[in-house]
Amino acid sequence: MRAAYASSFDDGNPLAALTVGERPAPEMPDESWTVVDVRASSLNHHDLWSLRGVGLTEQQLPMILGCDAAGVDSAGTEVVVYPVIPDPGDPRGYSLLSENHPGTLADQVAVPRANLVPKPAALSFVDAACLPTAWLTAYRMLTTRGRVSEGEAVLVQGAGGGVATAAVVLAVALGKRVYATSRDAGKRERIADLGATAVEPGARLAERVDVVIETVGAATFEHSLKCAAPGARIVVSGATAGYEAKVNLRRLFAMQLDILGSSMGTPQELAGLLALCEEQGIRPVVDSVHGFTEAAGAFERLDSGDVFGKVVLDHTR
Ligand SMILES: NC(=O)c1ccc[n+]([C@@H]2O[C@H](COP(=O)([O-])OP(=O)(O)OC[C@H]3O[C@@H](n4cnc5c(N)ncnc54)[C@H](OP(=O)(O)O)[C@@H]3O)[C@@H](O)[C@H]2O)c1
C-alpha cells in the first residue's frame with residue numbers, strides 16, 4: 001500500500017528523512033483491532049518531530065507517520081480515528097499512532113475497534129481528518145485544562161498553527177473574547193476574520209486574559225506570563241520554538257497563576273468536539289489539501305512554518 005514514512009532521522013532537515021513509497025498492509029496485534037481504509041489524513045508538527053528522531057528509535061524505522069485519519073471501516077461505516085492507543089509499556093500509559101504503531105499516512109491503518117468514532121455526516125472526510133489531534137488538543141486545553149468560563153478572555157500564541165487556529169475558532173464559538181499573536185501580518189488579518197483580536201508577538205493586550213493557549217514555548221512564554229490575569233491558567237501542549245522557557249517565579253506566585261500541561265484528549269472530549277462542530281456548524285481551518293501522491297510537498301509546506309490551519313492529504317487522489 002502507499003505510505004509516507006520516516007526511513008531515517010534528520011534533525012536539521014526533517015524532509016530528508018521522509019519517504020513516500022510502498023509499505024506492507026497493516027498487521028493487527030489481536031482481534032480487538034481492525035483496519036480502516038483512509039480517505040483523508042492530516043499532518044501535524046508531531047510528524048516533523050518524528051522525522052527529526054524525537055520520540056522514535058532507529059529500531060522502530062521505517063515508521064509510517066500520521067496521527068489523524070478519517071475513513072471507512074470494514075463494516076462500511078464512515079469513521080474518525082481516535083489516535084491515542086493504550087500502552088502499558090509507555091511511561092505515559094499510552095502512545096499515539098505513528099509512535100509505537102504505524103500511523104495514518106497510508107492507504108490503510110490498523111487501530112483498536114474502540115478507537116473508532118462515527119464521523120458526523122455533516123463533516124467531509126477532509127474536515128474530519130483535521131480534528132483528532134490538533135482540534136482535540138485545543139478543545140481539551142480550553143475546556144478541561146483551561147476551565148474557560150463565562151465572560152473570560154483567552155490569548156492564543158502563534159495563531160497560524162493547526163492547534164492554534166483550532167483554539168481561536170473554538171474559543172470564539174464558546175463566546176470568549178479572544179486575542180491571538182502571529183509573526184505574520186497576513187496571518188493576523190486572517191485571524192481577525194475568525195473573530196479574534198490579532199496582535200504582533202509580545203504586544204500589550206487591551207486586558208489581561210484568564211486562559212493562555214501555549215504551543216510555541218520559548219519564544220512566547222514570557223509574554224504569556226505577562227498577559228495573565230490574577231488566577232489565570234497558562235495551558236501548554238507544545239514548544240515549537242524550544243522547551244527552555246524563562247519563568248518569572250515572582251509573577252507566578254504573586255498573580256497566583258496555574259501553568260498546566262495538556263496532551264491530546266479523551267474519547268469523550270473527541271465526542272464533545274464533534275458534537276460542538278456539528279451543532280454550531282464549525283469547520284476546521286484548512287491551510288491546503290494535497291493528493292496523497294503530493295505528500296512530500298505537503299510536508300514541505302508544514303516545515304516552512306507558513307501555514308494557516310491544517311495541511312490535509314486527500315487519499316482518494
Ligand atoms: N501535546 C499534544 O498533545 C500536542 C498535540 C498537538 C500539537 N502539539 C505540539 O504543539 C505545537 C504546535 O503543533 P501544530 O501541529 O499546531 O504546529 P504547526 O501547525 O506547525 O504550527 C506551528 C505554529 O507555531 C507558531 N510559531 C510562533 N513562533 C514560532 C517560532 N519562533 N518558531 C516556529 N513556530 C512558531 C507559528 O505561528 P505563526 O506563524 O502564526 O507565528 C506556526 O504556525 C507543536 O510543538 C506540536 O508538537 C502537541
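**Close-up views of the ligand site and selected helices**

**View 1. Polar contacts between the ligand and the protein.** A polar side-chain atom of Ser263 sits 3.0 Å from a nitrogen atom of the ligand. The model is predicted. An oxygen atom of the ligand lies 3.0 Å from a polar side-chain atom of Arg183. Gly161 contributes a polar backbone atom, 3.2 Å from an oxygen atom of the ligand. On its own, the ligand has 910 Å² of accessible area, and the protein covers 87% of that.

**View 2. Residues around the ligand.** How many residues surround the ligand? There are 27. The closest are His45, Ser182, Lys187, Ser237 and Met264.

**View 3. Helix 1 and its cover.** Which residues of helix 1 are buried? They include His46, Asp47 and Leu48. Ser50 and Leu51 are buried too. Strand 1 (2–6), strand 2, strand 3 (33–42) and strand 8 (94–96) are among the elements that cover these buried residues. Helix 9 is also part of that cover. Just after helix 1 comes Gly53, with a positive phi of about 100 degrees.

**View 4. The buried face of helix 9.** Helix 9 spans residues 295–304. Its buried residues are Ala295, Ala298, Phe299 and Leu302. An α-helix has 3.6 residues a turn, so residues three or four places apart point the same way.

**View 5. Pro267 in helix 8.** Helix 8 covers residues 267–280 and contains Pro267. Is Pro267 buried or partly exposed? Pro267 is partly exposed, with a relative accessible area of 38%. Along the chain, Pro267 and Arg39 are 228 residues apart. Their C-alpha atoms are separated by 21 Å.

**View 6. The annotated region, residues 13–313.** UniProt lists these residues as "domain: Enoyl reductase (ER)", in an unreviewed entry. Over residues 13–313, the chain is 28% helix and 27% strand. The end C-alpha atoms of this stretch are 21 Å apart.

Note on methods. Residues numbered from 1 in each chain as written. Predicted model: local features only at pLDDT ≥ 70, side-chain atom pairs only at ≥ 80, totals over all residues. Heavy atoms only, no water. Buried < 20%, exposed > 50% of the residue type's maximum accessible area, 1.4 Å probe, protein only. Helix = DSSP H or I, 4+ residues; strand = E, 2+ residues; numbered from the N terminus. Near = heavy atom within 4 Å. Polar contact = N/O pair within 3.5 Å; in protein donor to acceptor, adjacent residues only side chain to side chain. Areas by Shrake-Rupley, 256 points an atom, 1.4 Å probe, with all protein chains shown as cover. UniProt positions renumbered as here; feature names shortened; annotations may be inferred. Contact = heavy atoms within 4.5 Å.
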